[in-house]
Structures are given as structure tokens and as C-alpha cells.
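Please look over the sequence and the three-dimensional model shown here before reading on. The briefing that follows takes a few places in the chain one topic after another.

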Amino acid sequence: MTAFQPALTTEDLRRNLAAIRARIDAACARSGRDPQEVRLLPVSKTVEVERLRLAYAAGVREMGENKVQEAHGKWQAMREAMPDLRWCLIGHLQTNKAKFVAEFASEFHALDSLRVAQALDTRLQALGRSLDVLVQVNTSGEASKFGLEPAEVVPFVQALPAFGALKVRGLMTLAMHTTEEARVRRCFVLLRQLRERLQQETAYGGAIAQLSMGMSGDFEWAVEEGSTTVRVGQAIFGARALPDSHYWPEGSAPA
């Protein structure tokens, strides 16, 4: 894996963001896509608030976070000075943490349980808020990953209109953790095909447009296969101090 250098200044972050954006644009050119269709979501998990302030100064207005309590603490620390900063939860959620997500998150990319959907909806309704959600799919077949099995996705999404505060926008996946391009691309192709089925077979139709797929090591392949959001952390902020196993349980993966 590439050894990502720590980004310690606003200029470091601007340079890294521009380099990632240029690679996204090149991938769009190769696949005949409009670069405006692809959003770069900086993943700030484990990055301290001081550097997130530098990222804000570099133009970042949304952050992707894995752990709810970490994200909630950062939101509390930054919300007064940076009220326009959006927070996207991209990691597995337990029902007892739904109250925090409902309070501050703009998006949730890892919905894979009707119990979580109910918990979020109840909290959101009480607060008069809504939340954009993406359904997480385990496209790799790896037991270590969270997400629905592909065969479960259509019936699961068909049940979601019961939760009025949840705005279903698309699908999310983590591809197989391998350098074999063909195996990684298969995960992305499967997610795109599932989106097409959902557009035809559920009440949401074209509202299910987003494909959140692609991270630091594979985002160019994801863009070429139709990703609308790439989740990039280490290639922007630099390598984390400790292995990912130190920060996250099984079912999570680096970004």
C-alpha cells in the first residue's frame, strides 16, 4: 500500500485535495463521465480537530466519520465556528447510538437494519428532522464486512417507505480488500446493477441515484464503474498512526 505522508498544513491539504480531484476527473474522462457527477467526501476518522480546522480552511465543507461518538464530539467542538460543515456517518450503527446521529448528521451511508431504520426514524421525527440515507451492501461476500447480502437489498428497500424521516438516496459498499482489479471492479459493478433494479422495482425510482463506493486505494476504478461519491481519507490526511484494527471492529475498512 502507498505510504501516505501526513498533511500538517492547509497547503498540504489543498495540494492533496487537488491531486485526488485531478485523478477523479481523469477517471471520468476515461469513462465518458461528467466530473460534476462525482463527489469527493473527505474521510476524517481519527483526524484531530486541529487538522480538521485546517481542512475547513482548505475548502472542505463535509466530513465522513466512522464512529458516532467521535463524530459527535467533533461536531460539538466545531459547530459554532463552522455551522456549514456537514457530517456524514459512514460506519456501522447500533440502535442505541441512533439518537446522536439524528441530532447532527446530514447523511448516513451504512443502513442495513430495519431496527436501525426504526430507531433513526423515531428520533428524527421527534426532532423534526430528516436524514439522507444509503443502504450498505456486502458486495464482496466477505464475512468480516457489514451490509446486506445482494439478494436482500430489494425487499429491504421496499420496506423503507414506512420510515418517513429517512430519505433513501442510494447504495454504499466497501469493495473486496485486494489489489486484484477485476475482483474489486466486480463489487462496484454489482452495486450499480442493484441500483438499476431498485430504480425499476421500488417506489423510490430515480431518487435512488447515489453510489457511494471507492476509497483511497480503489476510487479511480469506482469512478469508472459509476460511483457518485468516493470516500477518501488517508490520501488526503495521511496515513493513520496505528493499524485500522486498532480503531474499528470487524466490518469496517480503511478509506
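Lysine 45 lies in the loop between strand 1 (39–42) and helix 2, where helices (H or I, at least four residues) and strands (E, at least two) are DSSP runs numbered from the N terminus. The model is a predicted one, in which local features need pLDDT of at least 70 and side-chain atom pairs count only at pLDDT 80 or more, while totals for chains, interfaces and linings use all residues. Residues are numbered from 1 along each chain as its sequence is written, and side-chain values use heavy atoms, with hydrogens and water left out.

- Lysine 45 counts as buried because its relative accessibility is 2%; here buried means under 20% relative accessible area, exposed means over 50%, and partly exposed means in between, with a 1.4 Å probe and protein chains only.
- The UniProt record, in an unreviewed entry, places the feature "modified residue: N6-(pyridoxal phosphate)lysine" at Lys45; UniProt positions are given in the numbering used here, feature names are shortened, and annotations may be inferred rather than shown by experiment.
- Serine 44 is found in this loop between strand 1 and helix 2 as well, and serine 44 is buried because its relative accessible area is 0%.
- Leaving out residues up to four places away in sequence, serine 44 touches Leu52, Met63, Gly64, Glu65, Glu70, Lys74, Trp87 and Phe237, where contact means heavy atoms within 4.5 Å.
- Threonine 46, too, lies in the loop between strand 1 and helix 2, but threonine 46 counts as partly exposed because its relative accessibility is 27%.
- Most residues other than glycine have a negative phi. Threonine 46, although it is not a glycine, has a positive phi of about 75 degrees.

**Helix 2 against helix 3**

- Two packed helices are described by the angle between their axes and the distance between the axes.
- Helix 2 (residues 49–57) packs against helix 3 (residues 68–78) at an angle of about 60 degrees, and their axes are 11 Å apart; axes are lines fitted to C-alpha atoms, for helices over the stretch in contact, and angles run from 0 to 180 degrees between N-to-C directions.
- On the side of helix 2 the contact is made by Val49, Leu52 and Arg53, and on the side of helix 3 by Lys74, Ala77 and Met78.
- Glycine 73 lies in helix 3, and glycine 73 counts as partly exposed because its relative accessibility is 32%.
- Glycine 73 and serine 31 are 42 residues apart in sequence, and their C-alpha atoms are 40 Å apart in space.

- Which residues does alanine 27 contact, leaving aside its neighbours within four places in sequence? Alanine 27 is in contact with Glu220, Val223 and Glu224.
- Alanine 27 lies in helix 1 and counts as buried because its relative accessibility is 0%.
- Although alanine 27 and glutamate 224 are 197 residues apart in sequence, they are 5.9 Å apart in space, C-alpha to C-alpha.
- Arginine 23 is found in helix 1 (residues 10–31), and arginine 23 counts as partly exposed because its relative accessibility is 33%.
- Arginine 23 touches Phe219 and Glu220, not counting residues up to four places away in sequence, and from arginine 23 to phenylalanine 219 the separation is 196 residues in sequence and 9.0 Å in space, C-alpha to C-alpha.

- Helix 5 has the buried residues Val116, Ala117, Ala119, Leu120, Asp121 and Leu124, and their cover includes helix 4 (98–104), strand 4 (107–111), strand 5 (131–136) and strand 6.
- In helix 7 (residues 181–201), the 21 residues should span 30 Å at 1.5 Å a residue, which agrees with end C-alpha atoms that are 30 Å apart.
- Among the buried residues of helix 7 are Val184, Arg185, Cys187 and Phe188, and what covers the buried residues of helix 7 includes helix 6 (153–158), strand 6 (166–172), strand 7 (210–212) and helix 8 (219–224).

Technical notes
The expected span of a helix is 1.5 Å times one less than its number of residues.
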